[in-house]
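Q: Hi! I've got a structure open and I'd like to talk through a couple of spots in it.

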Amino acid sequence: AIFISDNEIKEKFIGISALKSFDTELLNELLADVKQERILEVLYRKPGAKVDSKKKIVAQDLVYNNDKIYLYGYNLDSEDSVVFNFQRIRAILSRSLKKEGVDKKVTKIKFHLRSFGLDSIEPGEEILESGKNGFIVEGSYHNEFLAIQRILSFGARCTVLEPLDFRNTIIAK
C-alpha cells in the first residue's frame, strides 16, 4: 500500500499548491507594504521587454486572480494606476512611507445587468438594486482597463449607466 500524507492530499486537491511557484517571502513583504501603503521602487520586466525598468509606486492592493498574483498601485511618475504581474517583479529596490496627498485612484462605474444570473460580485462591487429585470451594480476598479474588461465580460446584457464618458468608451468597443 502507498501512504499519501494529508499535506500531499491538500496540495493536490484543495489548491494550496497554487502558491507553490510564488516567492512567499516577497509576497509577505508586499502584503506589509500594501497594508502601510508604502512607496516602492520596483524593478519590473514588462511583457516583451528585454530589460527591466524602474517604477516608483504606492502599493495599494495584492490580488490573486486567474492563477496569477497582481500588485495594484499608483505610479508616482506617470500619475496613473498600474497593475503589475507579481512574477514580473524582479526586485524591490527601496521602500519608504507613503507621502501625504497621494490618494488611491479608482474608476467608479455604475451599470445595469439584464436577466443575468450574477454568480458573484468582484471585490469593490456592490449591488445597489435587484429586481426582475436584473441588477444595478456599482463597481470601483483600480484602473480603467480593469473596468473595461469587467464590463465587456458581461456582453450585451450589460449597460453602463455612469459615467457618460466611460459609457461611450464601452459603446465604441
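Q: Which residues does Asn 75 touch, not counting residues up to four places away in sequence?
A: Asn 75 touches Lys 55, Lys 56, Ile 57, Asp 80 and Val 82, where contact means heavy atoms within 4.5 Å. This is a predicted model, where local features need pLDDT of at least 70, side-chain atom pairs count only at pLDDT 80 or more, and totals for chains, interfaces and linings use all residues. Residues are numbered from 1 along each chain as its sequence is written, and side-chain values use heavy atoms, leaving out hydrogens and water.

Q: Thanks! Is Asn 75 buried or exposed?
A: Asn 75 counts as buried because its relative accessibility is 7%. Buried means under 20% relative accessible area, exposed over 50%, and partly exposed in between (1.4 Å probe, protein chains only).

Q: And how far is Val 58 from Asn 75?
A: They are 6.7 Å apart in space, C-alpha to C-alpha, and 17 residues apart in sequence.

Q: New topic: at what angle do helix H3 and helix H4 pack?
A: H3 (residues 144-152) and H4 (residues 164-172) pack at about 60°, with axes 11 Å apart. Helices here are DSSP runs (H or I, at least four residues), numbered from the N terminus. Axes are lines fitted to C-alpha atoms over the stretch in contact, and angles run from 0 to 180 degrees between N-to-C directions.

Q: Which residues meet there?
A: From H3, Glu 144, Ala 147, Ile 148, Ile 151 and Leu 152 meet Phe 166, Thr 169 and Ile 170 of H4. The residues of this contact divide into six nonpolar, one polar and one charged. Ala, Val, Leu, Ile, Met, Phe, Trp, Tyr, Cys and Pro count as nonpolar, Asp, Glu, Lys and Arg as charged, and the others, Gly among them, as polar.

Terms used: Helices (H or I, at least four residues) and strands (E, at least two) are DSSP runs, numbered from the N terminus.
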